[in-house]
Every structure is written in structure tokens, then in C-alpha cells.
Amino acid sequence: MSDPDPMATVSRRSPLRGRSRAAVFLCYHSVADDGPPFLSLTPRTFESQLRILADGGYASGTRADLDLCARGAMTGARRAFLTFDDGFADTVETALPAMAAHGFTGIVFPLAHHLDTAAPLAWPEVAGEVARRPGLMRSTDWEGIGKLVEAGWEVGSHGITHARMPTLSDEALAQELLDSRRLLEERLGRRCDLFAYPFGDWDERVARAAAAAGYAYAFSLPFGEQSRASRLSVPRVMVDDRDDSWRFRAKLTAPGRAALLSPLRPMLRKALRRRAHSHAD
């Protein structure tokens with residue numbers, strides 16, 4: 001029996017739509033004190049979120065669980081897919097031990113070429129943060145990725161240059177997708193068929209290219225709304241320094257995530273900001 005079309009729209013009840021009680025897809029970047037706004041949260045806040053997840057009965061979401069989600073066969077505990085974009089060094093130094101203490105593993109999406117030299121995480125949109133925080137805005141290296149793999153984490157690709165995929169030519173798009181996957185698989189000796197779109201930015205052409213490059217699942221990061229999803233456009237919810245306990249709990253609820261991914265999101269964001277100001281931890 002052939003695999004289902006990865007571009008096919010998943011059903012409204014599928015956990016891959018990001019609105020189900022069965023699974024929540026969370027996107028992190030840096031876990032550090034004094035990290036870049038909107039790209040980080042403090043270790044203390046992260047620890048609080050891990051406790052909330054553990055107390056809420058969540059278990060780590062894995063690559064195998066993605067297949068269960070796609071087949072509509074999720075059973076047992078709720079799954080929290082804790083994904084980390086860019087491969088920050090503090091993903092290994094800070095997030096890994098904190099998550100291990102609570103029995104969680106994650107999925108990391110590093111920039112493959114950055115791992116050779118623990119290169120600065122520098123692209124035009126974050127140039128100012130690199131200048132202000134050069135010690136923090138850097139990639140982990142292959143040794144760090146090895147530590148994550150040993151701890152049970154999954155490794156996926158984030159491309160080569162952190163380019164906005166929809167802006168690339170067909171040739172450049174294929175190169176970003178294929179070269180990054182090939183390098184990760186050669187160095188790690190394991191399948192790497194997960195992808196996170198840089199900036200969470202994608203379109204149908206990009207998703208088709210990801211499928212052609214051999215990716216089974218790819219993750220978006222809707223900043224507006226995303227009414228539909230496929231295995232190549234799984235929506236995640238961003239988590240950062242604004243997410244105190246009340247706001248984080250709201251993002252874990254199925255209605256909260258449905259609202260975040262709906263055309264009503266602008267109104268919800270205003271409500272969350274007002275409520276956050278009046279419910280400080």
C-alpha cells in the first residue's frame with residue numbers, strides 16, 4: 001500500500017491541524033536570560049512551562065507519533081511536540097537538561113552548515129541581535145547535536161541559509177532542501193525527513209518541493225492564520241518571553257490554539273496582551 005499524499009489536506013479532526021486535544025505543536029528558539037525579544041524565554045519561564053506540561057499529562061511527541069497523528073491513531077497520553085528552530089547553542093546547554101529532568105525530549109531544526117563551526121546565527125532580520133548578543137546568537141555544533149540524539153531527540157532540517165523559502169527560485173529551493181537533508185543524514189547516519197520552514201514561511205510550491213526532496217513532515221509558524229494543513233504544513237504555536245503561566249495554559253487548550261490559527265487571531269492577540277498585563281506571575 002502506497003503512502004498517502006503528503007500534500008493532501010488533513011481532516012478537520014486530525015491532530016496535525018494543531019487544534020486537537022491529542023497533540024500540541026510548540027515552537028521555541030532560545031532559552032536564555034536576556035535573550036532576544038520574541039525569540040527567547042528565560043530558563044525560569046521555560047521550567048514553569050515544563051511543569052505545566054507534565055502536570056497536564058503530556059508526554060513528548062516523537063517522529064513515530066507524527067505517523068500516528070497522520071493515521072488518526074493517537075491513543076493514550078496527550079503529546080507535546082517541543083520543537084526548537086535554528087539550533088541555538090542553549091538548546092543543548094539549557095533546554096536539554098531542563099527537559100530531561102521532566103522526562104521530555106524535543107525536535108531540533110538546526111542550520112546544517114552552521115554546525116561545522118558553531119557559526120553565528122546571522123541573517124538580515126536578526127543582524128541587530130547578533131551585534132548585541134554575539135555570545136548567545138550562535139549555533140550549536142555537531143557534538144551538541146550528538147548529545148541531543150543520545151538523549152532521544154529528533155533532528156530535522158532548517159535549510160542552509162535561513163532563507164525565506166517562497167522567495168527562492170526553484171533551483172535554489174531544491175538546493176536548500178536537499179543539501180541540508182543530505183548533510184544531516186551523512187553526518188548522523190540516520191533518517192532526517194522532518195523540516196521546519198525558516199520564519200515558518202511557506203506556500204504550496206515550497207511544500208511540493210519539500211515533498212520532492214523526501215521530507216515526510218514540515219512545520220509552519222503561522223503569524224496570521226492557517227485554516228488548512230497537510231503533512232507538509234503542520235502549524236505550530238510560537239512560545240517566547242511573553243508567555244507567562246496564564247498565556248501558556250491558554251495556548252495549550254484546543255480552543256486557544258484554534259483561535260490562534262483562525263482569521264480571528266488579531267482580536268485574540270489583543271485580548272491576550274490585555275489579560276497578560278493584568279495577570280503577571
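Reader: Which residues of β1 lie on one side, which on the other, and are they buried or exposed?
Author: A23, F25 and C27 are on one side of β1 and V24, L26 and Y28 on the other, and all of them are buried. Buried means under 20% relative accessible area, exposed over 50%, and partly exposed in between (1.4 Å probe, protein chains only). Strands (E, at least two residues) and helices (H or I, at least four) are DSSP runs, numbered from the N terminus.

Reader: Before I go on, what should I know about the model and the numbering?
Author: This is a predicted model, in which local features need pLDDT of at least 70 and side-chain atom pairs count only at pLDDT 80 or more, while totals for chains, interfaces and linings use all residues. Residues are numbered from 1 along each chain as its sequence is written, and side-chain values use heavy atoms, with hydrogens and water left out.

Reader: Thanks! Which strands does β1 pair with?
Author: β1 runs parallel to β5, joined by 6 bridges, and parallel to strand β11 (residues 237-238), joined by 2 bridges. Two strands pair if DSSP finds at least two bridges between them. On the β5 side, F25 stands opposite F81; in β11, M238 is the bridge partner of C27.

Reader: And how does the chain get from β5 to β6?
Author: Strand β5 (residues 78-86) pairs with β6 in the parallel sense over 4 bridges, with T83 opposite I107. The chain passes from β5 through helix α3 (residues 89-101) to β6, a right-handed β-α-β crossover. Right-handed here means that, with the strands pointing away from the viewer, the path from the first strand over the helix to the second runs clockwise.

Reader: Which way do the β6 side chains point?
Author: In strand β6 (residues 107-110), I107 and F109 point one way and V108 and P110 the other, and all are buried. In a regular strand the side chains alternate between the two faces of the sheet. β6 also runs parallel to strand β7 (residues 154-155) over 2 bridges, and there V155 is the bridge partner of V108.

Reader: Switching topic: what is the strand order in the open sheet of 3 strands?
Author: The order is β8-β9-β10, with parallel pairing. β8 (194-196) and β10 (234-235) are at the edges with a single partner strand each, so one side of each has no neighbour in the sheet. Strand β9 (residues 217-220) is joined to β10 by 2 bridges, and F219 stands opposite V234.

Reader: Which helix lies across β8 and β9?
Author: Helix α2 (residues 63-71) does, running at about 90° to β9. The axes are lines fitted to C-alpha atoms, for helices over the stretch in contact, and angles run from 0 to 180 degrees between N-to-C directions. Contact means heavy atoms within 4.5 Å.

Reader: Now the hydrophobic side. How many residues has the largest nonpolar core?
Author: It has 36 residues, and those with the most contacts inside it are L26, Y28, F46, L53, F84 and M99. A nonpolar core is a set of buried Ala, Val, Leu, Ile, Met, Phe, Trp, Tyr and Cys residues joined through side-chain atoms within 4.5 Å. The largest share of this core, 5 residues, comes from α3.

Reader: What does Y28 touch, leaving aside neighbours within four places in sequence?
Author: Y28 is in contact with L41, F46, Q49, L82, T83, F84, D85, V239 and F248. Apart from that core lies another, of 17 residues, among them C69, I107, A196 and V234.

Reader: How many salt bridges are there?
Author: The structure holds 20 salt bridges, where a side-chain nitrogen of Lys or Arg is within 4 Å of a carboxyl oxygen of Asp or Glu. One of them joins D116 and R187, with the closest N and O atoms 3.8 Å apart. D116 is in the loop between β6 and α4 (127-132) and R187 in helix α6 (residues 170-188), so the pair ties together parts 71 residues apart in sequence.

Reader: And E154, what does its side chain meet?
Author: E154 and R190 meet in a salt bridge (3.7 Å, N to O). E154 is in strand β7 and R190 in the loop between α6 and β8, 36 residues apart. E154 is buried, at 18% relative accessible area, whereas R190 is partly exposed at 30%.
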